[in-house]
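Let's take a walk through this structure together. Have the viewer open and follow along.

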Amino acid sequence: MKIVVLGAGVIGVTSAWYLAKAGHEVTVVDRQAGPALETSYANAGEISPGYSSPWAAPGVPLKALKWMFQRHAPLVLQPRLDMHRLGWMARMLANCTHDAYVVNKSRMVRIAEYSRDCLGALRAETGIHYDERTQGTLQVFRKQEQLDGAGKDIEVLRADGVPFEVLDRAGCVAAEPGLAGAADRIVGGLRLPGDETGDCFKFTNRLAEMAAAAGVAFRWGVDIRALEAEAGRITGVLTDQGRITADRYVLALGPHSPQLVRHLGLKLPIYPLKGYSLTIDIQDESRAPVSTVMDETYKIAITRLGDRIRVGGLAEIAGYDLSLNPRRRETLAKSVTELFGGAGDPAQATFWTGLRPMTPDGTPIVGATPIPNLYLNTGHGTLGWTMSAGSGRLLADLISGRTPDIESEDLGYARYLRGAKARLNARMKPVHA
């Protein structure tokens with residue numbers, strides 16, 4: 001089949017790779033000049049299936065109120081009248097229950113664990129390198145109540161068979177010797193030895209090269225304007241460089257996905273969650289992390305990427321604003337300085353921001369839609385890198401008519417539908433340029 005993938009971030013490129021491996025003729029279309037130049041450019045670098053957790057969790061509404069008055073809050077809501085945002089936030093709040101959290105986290109861990117397995121197989125098959133490390137992830141707790149509160153996560157990890165270790169202060173320092181100077185700030189930690197790290201930008205660019213060598217066509221600098229539809233099917237992609245047609249279409253535009261299908265009656269519950277990162281050159285390796293350390297207090301990941309440290313995280317609900325907020329830089333610098341002081345100079349770091357496509361339940365949307373030839377691979381939130389290989393492989397299997405290796409029905413768009421398929425198809429109208 002001829003398949004068009006819209007978007008060339010890590011999700012779009014992994015989708016294209018697995019679709020090409022399945023024997024399809026694939027074209028990737030993106031407005032940028034190359035792969036991974038938006039959300040996938042400078043993310044936290046962690047591949048942490050066990051820490052795949054929804055932001056919607058019990059206690060988050062109360063915490064969010066407290067964070068409004070904190071200078072270094074992990075979540076910030078910028079005031080703005082936006083009905084799409086209000087609807088998304090209402091759905092997110094509805095998922096802030098214990099039962100919803102357990103269901104959503106289990107879904108996320110399932111696709112994330114599968115994705116790590118797929119990435120390992122891909123690495124073995126291709127020999128791809130991207131500053132990868134396979135030395136686990138350590139979540140550090142500064143307060144006893146945080147360590148006590150990890151019980152709900154441990155419950156899901158145990159149920160899903162994910163290996164973990166609960167560590168005291170000395171155990172944290174043994175796992176990450178660079179924390180020795182910050183030991184008095186830590187009460188304990190939760191370590192997942194099976195987690196990995198790596199540079200998402202390097203990975204995506206190298207995989208795109210391999211995909212091109214395997215026959216995937218990449219069209220760069222193409223502005224996607226609309227999806228053309230008639231008789232209940234997509235008939236083409238309208239761009240500033242003409243019309244592109246295929247048998248199947250894959251939407252992998254991250255936070256920009258909802259706008260492209262709204263006129264078709266598809267209401268994707270995805271909203272951009274703005275994140276930030278610092279990239280710091282290592283000056284003293286003995287004080288640097290060896291893998292990923294997650295600072296639970298600030299919801300920040302501090303990751304070793306070759307001779308650099310990537311400090312990434314935070315969440316700002318600010319629409320599509322890409323301005324760099326200096327206060328967020330202060331928070332990132334505070335976290336890394338307190339835990340790994342002297343490893344590098346945050347003042348000389350590269351400061352970056354990007355938009356994560358977040359669903360209200362935290363789970364990505366992967367699979368078919370009520371429009372027969374339109375598929376989704378979007379809504380991965382802060383976990384696009386963690387879930388990318390598995391999402392791409394799952395999507396390729398679904399499009400190819402193969403039975404996926406994991407349960408996938410509850411990962412698709414159908415979980416948001418309540419008998420609306422007939423109404424949606426009835427609203428489908430021909431769309432013209």
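This is a predicted model: local features need pLDDT of at least 70, side-chain atom pairs count only at pLDDT 80 or more; totals for chains, interfaces and linings use all residues.

Six strands make up an open sheet in the order 9-2-1-13-20-19, and the pairing is mixed. Now look at the two ends of that order: strand 9 (217–219) and strand 19 (365–368) are the edge strands, and each has a single partner strand, so one side of each has no neighbour in the sheet. Ignoring direction, neighbouring strands here are turned against each other by 20° on average.

As for what holds such an arrangement together, strands of a sheet pair through backbone hydrogen bonds, either parallel or antiparallel. Which sense do strand 2 and strand 9 use? Strand 2 (residues 25–29) pairs with strand 9 in the parallel sense, over three bridges.

Next, the cysteines. How many disulfides does a search of the whole structure find? The count is zero. Two cysteines are worth a click: are they buried or exposed? Cys-96 has a relative accessible area of 12%, and Cys-172 comes in at 0%. Buried means under 20%, so Cys-96 counts as buried, and so does Cys-172.

Leu-62, Leu-65, Met-68 and Phe-69 make a nonpolar surface patch of about 510 Å². To place one of these residues in the fold, Leu-65 sits in helix 2, which covers residues 60–67.

Methods
Residues are numbered from 1 along each chain as its sequence is written. Side-chain values use heavy atoms; hydrogens and water are left out. Patches are made of residues with over 30% relative accessible area and no salt bridge: like charges are joined within 9 Å, nonpolar side chains (Val, Leu, Ile, Met, Phe, Trp, Tyr) within 5 Å. Accessible areas come from the Shrake-Rupley method with a 1.4 Å probe; for residues, only the protein chains shown count as cover. A salt bridge is a side-chain nitrogen of Lys or Arg within 4 Å of a carboxyl oxygen of Asp or Glu. Helices (H or I, at least four residues) and strands (E, at least two) are DSSP runs, numbered from the N terminus. Two strands pair if DSSP finds at least two bridges between them. Axes are lines fitted to C-alpha atoms, for helices over the stretch in contact, and angles run from 0 to 180 degrees between N-to-C directions. A disulfide is a pair of cysteine sulfur atoms within 2.5 Å. Buried means under 20% relative accessible area, exposed over 50%, partly exposed in between (1.4 Å probe, protein chains only).
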